[in-house]
Amino acid sequence: MANISSNELAGQILDCCLHGSPWSDKTLLTLLEEANGDTPQIASRALFTGIVERLGDLFEPRLCDTYAQLFSEVIAYVRPEFSAGQLLERYRRIRKPRRAPETARNIFVLSRITLGADVAVTSVILSAIKQRYPAAKIFLVGPRKNWELFAADPRIQHCAFTYGRNGSLRERLASPPYFDNGIVIDPDSRITQLGLLPVCPDENYYFFESRAYGQQGTESLSILTSRWAAEVFGVNSATPFVAPLPNSGHPDVTVSLGVGENQEKRIEDPFEQQLLAALLHLGRNVLIDKGAGGEEEKRIENILSSLPGIESWRGGYAPFASRISRSKLYIGYDSAGQHVAAACGIPLLSIFAGYVSERMFQRWRPTGPGRIEIVKVTDPAPATVLQQTLERIDTL
């Protein structure tokens, strides 16, 4: 298999997963060897982006079992102290929702790592446990930038943990923290590789399997998380929220055109430039996020060079989220900003493209108390999407 690329190997394994047929042990071993070889990032990305994320994005309950079987073998290969069979047996035990204890002193909530998921999903769990356990210490376990979305809430403390989304397979599967002094709530976090790696005694572990919960329904992830919180914690009013530290500025319109390295979410040129030009033509004060650098920042800077008058933001995401919370309208692709706006009740327009299944669209659509308009992209032609977007802006 020396002449087969990592992406091709991942594609062969994915095809077996989707069709319910056994994958080749030799193919998986070759991919894992490459993920631990001289260029591990390439093969690791093929494994996570090409297989893991695709299985999750389909939101097919049967694929959760497939993922668990596959990835328990992956973990056992990298970390031989674990047995694939034992990991799979534990997973089948802990995936069943059960009632949480009446009292708790320390509660550790694992971050979903991505900012949008921590708003749409993790914040709902934080909302529930704040109500259920008013005297408990609550820790959000994950990167600082994720915790900063809740830094103004004195109930939520930070427990630092860095997960290398672009690291090698061995780096991604490095030992997560282990908690033996409180309960742990896992919202399908990459920290545990979606529930497979133990982080506490099993009796203290509560796992929200977001890819299967709700089965074949069409509810959003925020609604499903709220339902799970009611089942486990007995709280019926948990909703998404953010609490970034205050930041000055009250733009009319906040915009984010970031796609989180998934170019399928982006509409081709000249859509973005024409959209921003239309907002300027309306006489609105526009603030656009440049992102964390790289391709996104260069793309935004190129647009702004021909559109003077638009203010840009470059810096931490939480201060930009604070600006979103005080704007009159938010516009962006399917990304963190839409969930921040939805949680804050800010009117928003989401340009939703690149979804691999109808259920992925239903699960990740923004949910909140404010006015929400979605351009569900079926024809990605820039002129078509622009017309649909401007029509929605008019209604807002």
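Tutor: H10 passes H15 in a right-handed crossing; right-handed means that the near helix is turned clockwise from the far one by less than a right angle. This is a predicted model, in which local features need pLDDT of at least 70, side-chain atom pairs count only at pLDDT 80 or more, and totals for chains, interfaces and linings use all residues. Residues are numbered from 1 along each chain as its sequence is written, and side-chain values use heavy atoms, with hydrogens and water left out.

H10 covers residues 271-281 and H15 covers residues 382-395. Helices (H or I, at least four residues) and strands (E, at least two) are DSSP runs, numbered from the N terminus. The two axes come within 10 Å and cross at roughly 25°. Axes here are lines fitted to C-alpha atoms, for helices over the stretch in contact, and angles run from 0 to 180 degrees between N-to-C directions. H10 and H15 are therefore roughly parallel to each other; the cut-off for that word is an angle under 35 degrees.

Now the contact itself. H10 brings Phe271, Gln274, Leu275, Ala278 and Leu279. H15 meets them with Pro382, Val385, Leu386, Thr389, Leu390 and Ile393. Contact means heavy atoms within 4.5 Å. By class, the H10 contact with H15 has 9 nonpolar, 2 polar and no charged residues. Nonpolar here is Ala, Val, Leu, Ile, Met, Phe, Trp, Tyr, Cys and Pro; charged is Asp, Glu, Lys and Arg; polar is the others, Gly among them.

Look at the lead-in to H10. Pro270 sits in the loop between strand E6 (253-256) and H10. The peptide bond from Asp269 to Pro270 is cis, with omega near 10°.

Next, helix H13, residues 336-344. Of its 9 residues, 8 are buried, meaning under 20% relative accessible area with a 1.4 Å probe, protein chains only. They are Ala336, Gly337, Gln338, His339, Val340, Ala341, Ala342 and Ala343. Their cover includes helix H6 (115-132), helix H12 (317-325) and strand E9 (329-333). It also includes strand E10 (348-352), helix H14 (358-364) and strand E11 (372-376). Just after H13, Gly345 takes a positive phi of about 75°.

Phe233 belongs to helix H9 (residues 221-233). Its relative accessible area is 2%, so Phe233 is buried. Beyond its neighbours within four places in sequence, Phe233 is in contact with residues including Arg99, Ile129, Ile185 and Trp228.

Last, two backbone points. Asp188 lies in the loop between strand E4 (183-186) and strand E5 (205-207). Its phi is near 70°, positive in a residue other than glycine. Gln193 lies in the loop between E4 and E5, with phi near 55°.

How values were computed
Parallel < 35°, antiparallel > 145°, perpendicular 65-115°, else oblique. Buried < 20%, exposed > 50% of the residue type's maximum accessible area, 1.4 Å probe, protein only.
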